[in-house]
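Hi everyone, thanks for making the time. Let me put the sequence and the model up, and then we'll walk through a few points together.

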Amino acid sequence: RDLDQIHLDLADQKHLLQHKNSKAPEDLPGLGQFYCVECAKWFESEHSMITHRKGSTHRRQVKALKAEPYTQKEAEAAIGLRTDNGPRLAAKESTKDMEVEMENSGFLEDTT
C-alpha cells in the first residue's frame, strides 16, 4: 500500500477495516491476526511482528508517515499545471477578431 493509503488507514478505522476485510484470513500469514498498520504488512507470529517493530524499516516508515501527504492541487502545481482557472490576460489581448473578405476565387463559375 502507498503512503497516502496508509495515512487514510491511520486516520479512519473504517478505511482500515475495509482493507483488512478485502483479504480472506486463510490466505494471510498467521491467519490475519498480526498486522502492522504503519507498514501494511501481515506477520506469521507475534514475535515476528515485535521484531519488525524494532527494526529500521518500520522506523523509517513511521517517520515517513509523520509528514502530511501532498494534495492533488500541490501535485499539479509541482508539474506546472494551473489549477485556479483564472483568466489569462495575455491570451485575451493577443486574440482579436479579424474579418477577412474572400474574393471570388474562381471555384464557382457563373453559368448564366
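C36 is buried, with a relative accessible area of 0%; buried means under 20%, exposed over 50% and partly exposed in between, with a 1.4 Å probe and protein chains only. C39 is buried too, at 14%. Now, how many disulfides does the structure hold? The structure has 0, where a disulfide is a pair of cysteine sulfur atoms within 2.5 Å. The sulfur of C39 is 3.8 Å from the closest cysteine sulfur, in C36, and that is too far for a bond.

A quick note on the ground rules: this is a predicted model, so local features need pLDDT of at least 70 and side-chain atom pairs pLDDT 80 or more, while totals for chains, interfaces and linings use all residues. Residues are numbered from 1 along each chain as its sequence is written, and side-chain values use heavy atoms, leaving out hydrogens and water.

On to charges. The search of the whole structure finds 1 salt bridge, meaning a side-chain nitrogen of Lys or Arg within 4 Å of a carboxyl oxygen of Asp or Glu. The partners are E38 and R53, at 3.7 Å, N to O. E38 sits in the loop between β1 and β2, and R53 in helix α3, 15 residues apart; helices (H or I, at least four residues) and strands (E, at least two) are DSSP runs, numbered from the N terminus. R53 is partly exposed, at 35% relative accessibility.

Last, the helix contact: L3, I6, H7 and L10 in α1 meet Q61, A64 and L65 in α4, with contact meaning heavy atoms within 4.5 Å. Thanks, all!
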